[in-house]
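Okay, thanks for coming, everyone. I'll bring the structure up on the screen, and then we'll walk through a few parts of it together.

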Amino acid sequence: MLPLAGLIVGIILGLVLKIPVPPAYVRYLGIAILAALDSSFGGLRASLEKTFEDRLFVTGFFSNTLMAAFIVYVGDQLGISELYLAAVVAFGVRLFRNLGIIRRYVF
Amino acid sequence: MKNLLHFHAKRAQITIALICALMGFFLVTQLRGQISYSHRLSEQSDQDLGQLIRDLNLETETLRSEVTDGRIRLYKYEGEMASRKTILNEAAQNLENLKILAGLAPVDGEGIQILVSDQKHILNGSDLQAIIEELKAGGAEVIALNGKRIIVRAAIERRRGNVFLNETRVRPPYKIEAIGNSKILYQAVTLPGGIRDSLISLTGVSFRIKRKDTLRIPAIRNKPTYNYATQLTNR
């Protein structure tokens, strides 16, 4: 239940702080959200498999987010802004795989 | 979800919760950014929206007139550039013509070549001048004597038995080249009773004329200097 509580706390924080996002960074933030989602599911799965290590989890989260943002940036610089799709696809695939494994544990 | 709690350490839960909080924060911030515009519009009253449309229309009008102004300016500049280009082209053409006239540029073209032999050294500068005048009358554009360009200031005269072109001695046989319509030039010098007939009647003088498809005449070697004449500025 704690992750859910964390999620709610984050949502409330976002609503209270009202930080405006410049349009140019919307895609960066979107990819960061995807990375966070991926990391959360990965963490959940690892904890179900009892292989969870918080150091690995945190570094994984940050490196994934930064790498994703970097890919978006490189894509923009090279004129192939579709490069961010690489990150989206990678995260998406892992998300569904983790979800499947979690499903098997829970039900 | 409930049985999840049974078998993992609290630490994992806390860490995941933190990341989830971060994710929630991101999510809300992102969604706010995405929907803020449409949200703002739907909240406004019809009057406000009308005002907004009027404002935007006004802005569109201003921008449109700005575009028109810019376009007009662009056309003006383009026209100016085109006229400037024609003026420049004309000036370049004029300069080229003047350079040929002054003998500053080497030239080639069709024309005739006249070889005048003078075994007894009896020809005067005026005889050569007469040939040159005849060629000019025939429309010669550029003339050279023994490979030296004849320009406006060229003087041909006889001093102490020798023929000089300005300060340079020219020796027979004299080779006179002229660029122009070779047919007309040929006729000009071979006119019955003309220059050729009067010169070949002299002893030791022969006349050989060749029509050429391409003749090359070099530029003058030294640029003329003007010590006395100064140009009047045209006001």
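**A quick walk through chain B**

Let's start with one residue, B:Q187: is it buried or exposed? It's exposed, because it has 12 other C-beta atoms within 10 Å, and 12 or fewer is what counts as exposed here. Keep in mind that this is a predicted model. So where does B:Q187 sit? You'll find B:Q187 in helix α4 of chain B, which covers residues 182–190. If you look across from there, the C-alpha atom of B:Q187 is 9.9 Å from that of B:E134, and those two are 53 residues apart along the chain.

Okay, on to the sheet. Chain B has an open sheet of 3 strands, in the order β4-β5-β6, with antiparallel pairing. The edges are β4 (156–159) and β6 (168–170) of chain B; each has a single partner strand, so one side of each has no neighbour in the sheet. On average, neighbouring strands in this sheet are turned by 40° against each other, ignoring direction.

Zooming in, β5 of chain B, residues 162–165, pairs with β6(B) over 3 bridges, in the antiparallel sense. You can see B:F164 there, opposite B:R169 in β6(B). Then there's helix α3 of chain B, residues 125–137, which packs on the sheet and touches β4 and β5 of chain B. The direction of helix α3 makes about 165° with that of β4(B).

Last bit: the other chain. How many residues of chain B are in contact with chain A? It's 26, and they meet 37 residues of chain A. On the chain B side, that's 16 nonpolar, 8 polar and 2 charged residues.

How values were computed
Residues numbered from 1 in each chain as written. Chains lettered and ligands numbered in written order. Predicted model: local features only at pLDDT ≥ 70, side-chain atom pairs only at ≥ 80, totals over all residues. Contact = placed C-beta atoms within 7 Å. Nonpolar A, V, L, I, M, F, W, Y, C, P; charged D, E, K, R; others polar. Helix = DSSP H or I, 4+ residues; strand = E, 2+ residues; numbered from the N terminus. Buried ≥ 20, exposed ≤ 12 C-beta atoms within 10 Å, placed from the backbone. Pairing = 2+ DSSP bridges. Axes fitted to C-alpha atoms, helices over the stretch in contact; angles between N-to-C directions.
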